[in-house]
Amino acid sequence: MNTEPKLINSNTNPLILFEQWFEEAKKNEINDPNAMNLATVSSDGKPSSRIVLLKSFNEQGFVFYTNSNSKKGKALKNNCNVALNFHWKSLQRQIRIEGIVSLVDKEQADEYYNSRPLGSRVGAWASKQSEELDDRSTLLKKVKEYEHKFINGNISRPLHWNGYQV
């Protein structure tokens with residue numbers, strides 16, 4: 001196996017290179033090759049970063065989903081300048097992306113939301129992301145409430161659960 005780093009031609013399309021490296025990461029990374037660090041800035045100018053999961057990408061950008069009422073959702077609304085970082089330790093590679101974030105259209109968000117497992121869709125309703133819980137039983141009670149509310153399995157996407165594209 002050749003362990004020499006690949007030289008990158010300056011004429012190479014960066015999205016094609018990302019796709020090649022991402023495919024390699026999916027074969028070599030033990031956990032979550034689609035994990036990326038998302039860095040935002042709060043309304044008072046404080047930086048914040050956390051790991052989110054890349055769900056798709058194309059020429060228009062890199063897409064992830066989250067609760068818009070969360071700390072990151074509020075930061076994204078306040079300042080649309082963000083940075084992403086993929087770190088694939090097994091490949092000894094990282095990719096940094098800086099750009100402008102925007103909401104994906106409702107149809108795309110609905111399509112992805114509806115593809116998620118039932119428990120994840122219920123969780124989008126039950127979880128008050130970034131808010132402190134008194135204890136775990138509070139969350140479990142909310143989950144039970146929403147499981148009962150959506151007993152027929154027809155769970156629409158909550159308006160506060162959106163997709164973002166960088």
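Buried here means under 20% relative accessible area, exposed over 50%, and partly exposed in between, with a 1.4 Å probe and protein chains only. By that criterion Phe 86 and Trp 88 are both buried.

The structure is a predicted model, in which local features need pLDDT of at least 70 and side-chain atom pairs count only at pLDDT 80 or more, while totals for chains, interfaces and linings use all residues. Residues are numbered from 1 along each chain as its sequence is written, and side-chain values use heavy atoms, with hydrogens and water left out.

**Stop 1**

Rings of Phe, Tyr and Trp (its six-membered ring) pair if their centres lie within 6.5 Å; planes under 30 degrees apart count as stacked, over 60 as edge-to-face and the rest as tilted. There are 15 aromatic pairs in the structure. Phe 22 and Trp 88 form a tilted pair, because their ring centres are 6.3 Å apart and their planes stand at 40°. This pair joins distant parts of the chain, with Phe 22 in helix α1 (residues 14-28) and Trp 88 in strand β5 (residues 81-88), 66 residues apart. Helices (H or I, at least four residues) and strands (E, at least two) are DSSP runs, numbered from the N terminus. Phe 22 and Trp 88 are both buried. Phe 86 and Trp 88 make a further tilted pair, at 5.6 Å centre to centre and 40° between the planes.

**Stop 2: the largest nonpolar core**

A nonpolar core is a set of buried Ala, Val, Leu, Ile, Met, Phe, Trp, Tyr and Cys residues joined through side-chain atoms within 4.5 Å. The largest has 23 residues, of which Phe 18, Phe 64, Phe 86 and Trp 88 touch the most other members. Two or more residues come from each of α1, β1 (35-41), β4, β5 and β6 (93-100). Helix α1 gives the most, with 6 residues. A second, separate core of 14 residues includes Tyr 65, Val 104, Ala 109 and Tyr 112.

**Stop 3: strand β8 and its sheet**

Next, select β8 (161-165). This strand is largely enclosed by the rest of the structure, because 5 of its 5 residues are buried. Trp 161, Gly 163 and Gln 165 point one way, and Asn 162 and Tyr 164 the other. Two strands pair if DSSP finds at least two bridges between them. β8 pairs in the antiparallel sense with β4 (residues 61-67) over 5 bridges, and Tyr 65 stands opposite Gly 163. β8 also pairs in the antiparallel sense with β7 (residues 102-103) over 2 bridges, and Leu 103 stands opposite Tyr 164. The open sheet has 4 strands in the order β3-β4-β8-β7, with antiparallel pairing. Its edge strands are β3 (56-58) and β7, each pairing on one side only.

**Stop 4: helix α4 and Arg 116**

Finally, select α4 (residues 118-126), whose buried residues are Arg 121, Val 122, Ala 124, Trp 125 and Ala 126. These residues pack against α3 (106-115), α5 (136-149) and β8. Which residue lies in the loop between α3 and α4? Arg 116 is found there. Arg 116 is buried yet has no salt bridge, and the nearest side chain of opposite charge, Asp 110, is 11 Å away. A salt bridge is a side-chain nitrogen of Lys or Arg within 4 Å of a carboxyl oxygen of Asp or Glu; Lys and Arg count as positive and Asp and Glu as negative, with His and the chain ends not counted. Leaving aside neighbours within four places in sequence, Arg 116 is in contact (heavy atoms within 4.5 Å) with Arg 121, Ala 124 and Trp 161.
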